[in-house]
Amino acid sequence: MKYYIVIPSYNEEALIGLTLQSLISQTVLPSKIVVVNDNSTDRTADVVLAFAKNNPYISLVNKSSENIHLPGSKVIQAFEKGFETLDDNYDLIVKIDADLIFPSNYFETIIKHFQSDERIGMVGGFCYIEKNGEWILENLTDKDHIRGALKAYRKETFKQIGGLKPAMGWDTVDELLCKFYNWKVVTDESLHVKHLKPTGASYNKAARYKQGEAFYSLGYGFIITAISSLKLAMRKGRPLLFIDYMMGFLKAKSSGKPLFVTAEQAKFFRNYRWKKMKEKLF
């Protein structure tokens with residue numbers, strides 16, 4: 001199976017070389033890697049071009065945007081810029097962050113999962129962060145969720161879900177839409193990926209409100225949003241984030257912001273979330 005990788009990057013001079021080295025060391029190599037240099041002010045582009053010189057399947061795309069880090073919108077707009085440069089001759093499309101180190105068998109294993117069942121639409125491993133000299137699971141989500149840092153999609157699935165939404169919550173709506181269209185989402189606990197920068201390290205106050213806004217945009221409703229917000233705030237070890245998340249939800253609701261999805265899809269998402277919560281309780 002041919003796979004293409006798109007890597008949005010902003011000021012990743014110190015880390016993207018480690019990511020690219022782990023990609024060119026894969027037991028099954030990608031057919032194309034596109035790195036999108038999203039208005040970096042450091043030497044990110046130089047590092048990428050140095051790799052591209054000896055690895056012709058690596059290319060660089062430069063993009064101009066604001067330096068404000070708004071999770072979701074900025075990174076997916078950069079992804080789209082890179083994706084537009086690719087042809088349609090692939091089986092899998094992969095979106096990864098520019099601060100990851102993959103084990104050498106990562107994509108060989110990912111491909112085997114896709115080959116095992118034609119209804120598998122998404123596959124991913126798990127992010128690990130360094131803490132006190134040890135690499136531990138970055139435990140921000142349930143183990144049936146693929147982190148936004150390392151998403152691999154079957155081409156047919158990617159097209160049916162309409163690509164990626166340029167807003168925070170994109171990496172939840174993609175999986176929920178997969179389930180809506182009866183695709184399977186697979187996570188592999190044997191695949192440990194080193195995440196060199198913890199998620200949310202550069203989020204500002206406005207960005208924190210975006211999480212609640214994302215819950216609203218998914219059609220979760222007040223109660224599911226409150227439960228999800230509390231759970232996420234506690235997992236991050238910052239209980240007061242719950243207030244930011246709920247403020248974001250209420251602001252989006254009062255402004256009449258449109259949902260990411262149709263009413264039918266939003267209803268499916270709510271039912272799915274309630275089902276998962278009941279499974280954990282009983």
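Strand β8 (residues 150–154) is covered on both faces: L150, A152 and R154 are buried on one side, K151 and Y153 on the other. Buried means under 20% relative accessible area with a 1.4 Å probe, protein chains only. Strands are DSSP runs of E with at least two residues, and helices are runs of H or I with at least four, numbered from the N terminus.

This is a predicted model, where local features need pLDDT of at least 70, side-chain atom pairs count only at pLDDT 80 or more, and totals for chains, interfaces and linings use all residues. Residues are numbered from 1 along each chain as its sequence is written, and side-chain values use heavy atoms, with hydrogens and water left out.

β8 has two partners in the table below. Strands pair if DSSP finds at least two bridges between them.

| β4 (residues 92–96) | antiparallel | five | V94 |

Contact means heavy atoms within 4.5 Å.

Now the helices. The axes of α6 (residues 170–180) and α10 (residues 263–281) come within 10 Å and cross at roughly 95°. Axes are lines fitted to C-alpha atoms over the stretch in contact, with angles from 0 to 180 degrees between N-to-C directions. The two helices are therefore roughly perpendicular, a label for angles of 65 to 115 degrees. In α6, the residues in contact include L176 and F180; in α10, they include F268 and Y272. α6 is mostly covered, with nine of its 11 residues buried. Just after α6, N182 takes a positive phi of about 70°.

Definitions and conventions: Angles under 35 degrees count as roughly parallel, over 145 as roughly antiparallel, 65 to 115 as roughly perpendicular and the rest as oblique. Buried means under 20% relative accessible area, exposed over 50%, partly exposed in between (1.4 Å probe, protein chains only).
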